[in-house]
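Dear colleague,

Please find below the structure for your study. My findings follow it.

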Amino acid sequence: MAPSVGTSADVEVEAAPVSAKYTKLFIDGQFVDALSGKTFDTLDPRNGELIAKVAEADKEDVDLAVQAARKAFDEGPWPRLSGYERGRILFKYADILEQHADELAALETLDNGKPVQYARQLDVAGAVRIMRIFAGYADKISGRSVKMDGSYQGYTLHEPIGVVGQIIPWNFPLVMFATKVSPALACGNTVILKPAEQTPLTALYAAHLATEVGLPPGVLNVLPGFGPTAGAAIASHIGIDKVSFTGSTEVGRKIMIAAANSNLKPVTLELGGKSPLIILDDADLDLAVQLSYMAIFFNQGQVCCAGSRIFVQEGIYDAFLKKSIELAKQRVIGDPFKGGVEHGPLVDQLQLKTVMGYIESGKEEGANLVIGGNQIGSKGYYVEPTIFADVQDNMKIAKEEIFGPVMSVFKFKSVEEIIQRANNTNYGLAAGIVTKNIDLANRFSRSIRAGIIWINCYHIVDPSLPFGGYKMSGIGRENGEYVLQNYLQVKAVVTPLYDSPWL
Amino acid sequence: MASRGLSYAISRIAGSSCMRFRSASSLSDISRQCGRSWGAIRSYAVAAEVDEEPIKPPFDITYTKLLINGEFVDSASGKTFPTVDPRTEEVIANVAEGDVEDIDRAVKAARKAFDEGPWPRMSSYERSKIIHRFADLIEKNNDELAALDTLDSGKIYDQARLIEIPLVTRLFRYYGGWADKIHGMTLPVDGPYQAYTLHEPIGVVGQIIPWNFPMVMFSWKVAPALACGNTIVLKTAEQTPLSSILAGKLALEAGLPPGVLNIVSGYGPTAGAAVSKHMDVDKVAFTGSTEVGKIIMQSAAQSNLKPVTLELGGKSPFIICEDADVDQAVELSHFALFFNQGQCCCAGSRTFVHESIYDEYLEKAKDRALKRIVGDPFKSGVEQGPQVDEVQFNKVLGYIDAGQQEGARLLTGGARFGRKGYYIKPTIFADVQDAMSIAKDEIFGPVQSVTKFRTLEEVVKRANNTDYGLAAGVFTKSLDTANTLSRALRVGTVWINCYDIFDASVPFGGYKMSGVGREKGEHVLKNYLQVKAVMTPLVNPAWL
């Protein structure tokens with residue numbers, strides 16, 4: 001039996017320091033009930049208790065929101081403001097989000113279960129940072145004048161694409177909100193955003209703050225609801241010009257099919273991953289242990305780019321395992337509102353079941369469980385940091401995205417072998433490499449087919465840095481200058497030239 | 001006037017002056033001036049007799065097989081299909097018919113060429129040199145490639161020879177020049193990290209091209225994908241397979257390694273579907289109808305989520321404002337619609353004319369259409385050849401019927417031309433209403449629909465009232481009107497006082513259901529690249 005990390009007793013939780021103020025749909029600048037009058041429960045993952053009942057959007061609410069967004073785009077001031085004015089509003093939006101950082105962080109923790117210290121320092125601060133970079137882009141979206149072969153004047157206009165549908169996941173609710181909404185708004189679009197049904201609260205709070213900074217009605221609409229109803233309505237809506245989705249590969253596929261079946265709206269997909277973290281014999285062992293620990297356990301493992309396949313070269317394999325087990329033992333599990341806690345509950349019952357199912361499967365398929373493997377208590381959705389050693393490439397835990405605090409450690413011999421094994425997946429989101437050798441670092445960073453390569457670091461995301469997947473990890477890039485093209489149409493304009501002094 | 005000067009050149013295209021013509025004008029000048037000048041060929045007003053013995057071009061059909069892994073091979077099934085001369089409805093050649101198994105073979109070859117072969121591993125300078133050599137060979141075989149496209153598609157030979165194939169050469173040179181200029185960025189980030197992006201080839205690229213501009217489409221797809229270091233499985237249209245196969249042979253001659261460019265002739269539901277569904281194809285780019293574009297995107301979603309580029313249909317408005325020069329407007333709108341027998345995705349198929357000049361416009365447009373010279377596309381001076389095949393021919397005649405039934409006023413044409421081949425008389429409908437099927441559907445034939453408008457607000461609304469958004473023409477002398485319309489029209493290309501001006505540098509593609517993504521220019525490169533971000537920590541950096 002593997003040693004445990006936490007106790008088997010229920011995790012004691014304090015009363016939440018925050019309550020949900022905004023629980024309705026946000027359409028055309030107003031908080032409104034769903035047309036059906038229906039609501040759904042959003043639960044506290046610490047104990048499974050009700051936080052609030054939230055208005056449940058369905059198809060007809062999406063129709064209403066599209067009407068508002070369509071009007072705001074086709075007739076409203078937003079795309080007609082100067083880029084400078086749009087940028088000013090977005091900077092103000094970032095400021096007001098920052099002013100409410102503590103409350104937003106608490107709401108995020110309440111809905112999602114992530115430790116509040118991270119919610120405050122990473123999620124909310126990150127969202128503010130992202131909002132500011134795109135506020136700065138609003139007046140820097142330029143087309144080009146084009147040199148043509150004949151006497152023509154050619155130029156491109158980079159125009160807003162129109163009404164944008166955005167569907168975000170529950171693992172980083174506010175960061176995803178900012179990642180989707182701020183570049184779309186900077187480009188002059190109007191937005192219909194569906195937050196995940198597990199975590200609707202911060203997006204609704206942020207929608208309320210939008211009304212205080214002068215975002216015109218209809219420009220940002222937030223519709224909590226479920227994927228098969230509200231999400232599907234967005235993806236298949238004829239009045240929506242673009243859809244951007246972050247979530248599972250399975251649902252990403254549905255989004256793309258719905259886009260194809262309706263109006264061929266372009267899709268951006270940021271999907272799952274099974275990202276390798278490769279530790280070479282020459283690596284600084286402590287750094288490698290620290291990085292892999294963070295790569296897989298951060299946010300309870302609920303990260304699309306989690307380092308979920310840790311490949312360790314045979315020379316340091318045993319030493320790595322020993323130190324990793326020690327480190328995992330020290331992980332502080334508890335009420336995410338409590339100071340110093342590093343590891344909260346998983347987001348919901350379903351996720352708990354999925355993760356525990358994968359742990360069972362790992363055991364059955366003969367992976368070596370060296371620490372953890374249990375649910376903690378019976379209240380809330382806590383799972384111990386878990387490490388499987390000697391994982392084989394064909395096991396389920398080696399192939400599928402677990403999205404939980406389950407580290408899989410693999411042994412490898414040669415560089416050639418590991419490039420092939422790392423690439424032997426349908427996913428291609430991220431990869432980590434720990435080595436001191438610049439030649440190997442360069443070789444790996446070219447050979448691994450993934451959208452982001454972290455060398456001697458992991459999970460370093462930055463608003464300037466493009467993020468997105470190769471292969472079935474997605475289509476397109478978010479963040480940085482790259483994301484802007486997702487929210488722009490390119491129009492070429494050509495006129496004849498007479499008596500031009502030069503071509 | 002420039003157009004007069006050129007019309008002189010055009011009138012002598014069949015003679016020996018074409019070299020002078022070619023060297024004297026840049027390519028977009030040629031298409032611009034051809035557009036303007038085809039009205040000036042009126043001295044040819046005697047329509048060619050299409051019942052005459054068809055002209056036989058002085059080239060043999062040598063290449064009819066599939067090109068897989070650097071070799072010309074039969075299809076796995078051994079099956080062939082006939083490609084038909086639209087002038088005579090007779091078989092030109094029997095071409096190897098690719099199916100699922102052949103696509104598998106081609107993908108395997110392309111995969112190997114990408115994963116292990118020299119192409120993505122050579123320096124971009126080396127790749128660029130091979131692409132430039134390929135361009136030189138296309139130029140050298142200009143007339144043969146043009147003749148194959150005319151034989152297969154019925155397009156005007158001089159148009160293929162003097163505009164299209166030179167544009168193909170131009171495209172390959174343009175992207176040959178891009179190959180060694182594909183750079184990532186280094187990025188300032190918030191902490192002590194070194195961050196940069198690599199713009200990597202995306203891998204094995206599947207490309208499916210249409211029959212209306214076979215070689216031009218070949219170049220739009222193949223040239224940028226090669227420049228980025230990818231390998232290709234190209235499926236040509238079953239109506240027009242011949243020129244691509246010859247081009248494939250030239251590519252090998254230029255030094256393209258085996259497996260880098262694989263060309264499979266065949267049909268959409270078999271070979272085309274196999275490309276878009278294939279798990280080992282990393283990207284699919286398609287040009288064709290919106291209906292098939294949807295199927296392609298679904299197949300991509302159902303298989304491995306390969307990113308798609310779609311260049312689809314259109315119903316592009318051509319707006320003639322009250323201040324326009326009517327004679328010029330007549331000539332350009334005629335060209336915008338009738339060019340290539342109306343078989344252009346960006347054809348100006350909805351002509352909006354301001355009410356103040358409507359009657360004058362109609363009279364002159366009718367005159368112009370009546371003077372259009374229909375005949376054997378190999379014959380010099382002919383402006384319009386046959387439609388590509390029987391299916392298209394019947395479809396276009398069907399729309400002409402629909403226009404009459406729905407009450408549009410037939411000004412001229414409206415029937416088959418001659419007794420043999422897929423020729424249709426240049427046709428104009430006036431007083432077309434927005435709700436009619438000829439106003440809404442893509443006809444893809446020589447059928448101009450003219451409608452009247454009163455105000456700019458009205459015409460913007462009506463022009464945008466379509467699921468398509470590929471192109472638009474604006475005819476006005478007013479700078480303000482030009483600027484207003486060029487922003488308001490939701491389309492990928494706006495031509496002001498010109499039409500169908502294509503240039504290697506200018507992006508092309510659609511809003512709305514006219515497509516996803518852009519081709520040409522720098523914009524197309526991103527279709528064939530993956531972006532990889534790389535980060536390392538910085539120790540004691542001198543600056544951030």
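In this predicted model, the side chains of A:Arg46 and A:Asp335 meet in a salt bridge, with 3.1 Å from N to O. Between domain 1 of chain A and domain 2 of chain A, the count is one salt bridge. Nine residue pairs are in polar contact between these two domains, both residues being at pLDDT 80 or more. On the side of domain 1 of chain A that touches domain 2 of chain A, helix 3 of chain A gives the largest share, five residues.

Chain A is divided into domain 1 (25-271 + 473-490) and domain 2 (276-455). Their C-alpha centres lie 31 Å apart, and the contact takes 27 residues from domain 1 of chain A and 29 residues from domain 2 of chain A. The size of an interface is often given as the accessible area lost when the parts come together. Here the area buried between the two domains of chain A is about 2200 Å², and carbon and sulfur atoms give 59% of this area. In domain 1 of chain A, the residues that lose the most area to domain 2 of chain A are A:Arg46, A:Trp170 and A:Ser473, together 27% of what that side buries.

Strand 17 and strand 18 of chain B pair in the parallel sense over four bridges, and B:Ala472 stands opposite B:Val494 in strand 18 of chain B.

Yours sincerely

Notes:
Residues numbered from 1 in each chain as written. Chains lettered and ligands numbered in written order. Predicted model: local features only at pLDDT ≥ 70, side-chain atom pairs only at ≥ 80, totals over all residues. Heavy atoms only, no water. Pairing = 2+ DSSP bridges. Helix = DSSP H or I, 4+ residues; strand = E, 2+ residues; numbered from the N terminus. Domains from an automatic or database assignment. Contact = heavy atoms within 4.5 Å. Buried area = accessible area lost by both parts, 1.4 Å probe. Salt bridge = Lys/Arg side-chain N within 4 Å of Asp/Glu carboxyl O. Polar contact = N/O pair within 3.5 Å; in protein donor to acceptor, adjacent residues only side chain to side chain.
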